[in-house]
Amino acid sequence: TPEKCSSPDGITAVELAKLVEIPTETVKKKLVILKEKEIVRVKGINPKYWLFDEYNFHRMDEDDEVFQILCSFDDVDFDRFFQY
C-alpha cells in the first residue's frame, strides 16, 4: 500500500523483500509477473519504484490464475502482518 512506501513513487524491490522477508531475486521475479498482468506499474530506472495498480487489479478476470493466487489466503500467516 502507498502508506508503507518510503517514497511517493512506490516501493523498491529491495525494500519489499526486507518487508516480507523473501529473497530479493524472488521478489523481482514476482514483480515482473505482476507487471505483465498490469497489476503493478514501474517508475524510474535506478532504483525502480513499483506501485500497485488497484484499478487494474479490480478489473482482472476472476478465473485468471494470478488473480486466484493473489486472493488465496489459505496459507497466509496474518499475525506476521498485523498486530491485534
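Is Thr12 buried or exposed? Thr12 counts as buried, with 12% relative accessibility. The cut-off for buried is under 20%. The model behind this value is predicted.

## Around Thr12

Thr12 lies in the segment before α1. Its contacts beyond four places in sequence are Pro47, Lys48, Tyr49 and Trp50.

## Nonpolar core

Nonpolar side chains tend to be buried together in soluble globular proteins. Here the largest nonpolar core holds twelve residues. They are Ala13, Ala17, Val27, Leu31, Leu34, Ile39, Val40, Trp50, Phe57, Met60, Val66 and Phe67. Three helices supply at least two core residues each: α1 (13-20), α2 (24-36) and α4 (65-70). The top contributor is α2, which gives three residues.

## Salt bridge

How many salt bridges does a search of the whole structure find? The search finds one. Glu25 pairs with Lys28, and their closest N and O atoms are 3.9 Å apart. The cut-off is 4 Å, so this pair qualifies.

Both residues sit in helix α2. They are three residues apart, which means a separation of about one helical turn. Side chains of opposite charge can pair when their charged atoms come close. Lys28 is partly exposed, at 37% relative accessible area.

Notes:
Residues numbered from 1 in each chain as written. Predicted model: local features only at pLDDT ≥ 70, side-chain atom pairs only at ≥ 80, totals over all residues. Heavy atoms only, no water. Core = buried A, V, L, I, M, F, W, Y, C linked by side-chain atoms within 4.5 Å. Buried < 20%, exposed > 50% of the residue type's maximum accessible area, 1.4 Å probe, protein only. Helix = DSSP H or I, 4+ residues; strand = E, 2+ residues; numbered from the N terminus. Salt bridge = Lys/Arg side-chain N within 4 Å of Asp/Glu carboxyl O. Contact = heavy atoms within 4.5 Å.
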